[in-house]
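Dear colleague,

Please find the structure below. My notes on selected side-chain contacts follow it.

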Amino acid sequence: MVYWNVIVFAVVLWALAHWLRQKVRFMAAVLPVETVETLFGESAGWRGIGLAMVLGGVTPGGPVVAFAIGAAALKAGASDPAVLAYVTAWSIFCLNRLLSYELPLMGARFAKRRILLALPLPLILAALVHLA
């Protein structure tokens, strides 16, 4: 018995991976290396990590967008802790998910508590990566 849904899923996943690889190459070529190194490089320190957290929280889109931006930033000279803070902040604080799902379904009180409790997580992970 052939499971066509598995075959179709594998083909779609392969096409998505190929498209993402091309997109990352394009984004890495477009990003200004000097600006990325200044804002998110090793010399930026905690300021760069904080900026990466803010930008991660307001980045719209799904994982294809966030991980492509993170990979392009790495290629352009961003530090590992800054990119990890960006991707972590995107996954925890994504503004479009907060506005479209969490606030209407769970309420402002829950959203505020969750954000306040999760706020140090990208900083802690960035510090652990910096120490490693």
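Is Arg-114 buried, exposed or partly exposed? With a relative accessible area of 26%, Arg-114 is partly exposed; buried means under 20%, exposed over 50%, and partly exposed in between, with a 1.4 Å probe and protein chains only.

This is a predicted model, in which local features need pLDDT of at least 70, side-chain atom pairs count only at pLDDT 80 or more, and totals for chains, interfaces and linings use all residues. Residues are numbered from 1 along each chain as its sequence is written, and side-chain values use heavy atoms, leaving out hydrogens and water.

Arg-114 forms a salt bridge with Glu-102, their closest N and O atoms being 2.6 Å apart (a side-chain nitrogen of Lys or Arg within 4 Å of a carboxyl oxygen of Asp or Glu). Glu-102 lies in helix H6 (residues 95-106) and Arg-114 in helix H7 (residues 108-118), so the pair ties together parts 12 residues apart in sequence. Helices are DSSP runs of H or I with at least four residues, numbered from the N terminus. Glu-102 is buried, at 12% relative accessible area.

Phe-67 and Trp-90 form an edge-to-face aromatic pair, with 6.2 Å centre to centre and 70° between the planes (ring centres within 6.5 Å, the six-membered ring being used for Trp; planes over 60 degrees apart are edge-to-face, under 30 stacked, the rest tilted). Phe-67 is in helix H4 (residues 63-76) and Trp-90 in helix H5 (residues 80-93), 23 residues apart. Trp-90 is buried at 6%, whereas Phe-67 is partly exposed at 43%.

Conventions: Helix = DSSP H or I, 4+ residues; strand = E, 2+ residues; numbered from the N terminus.
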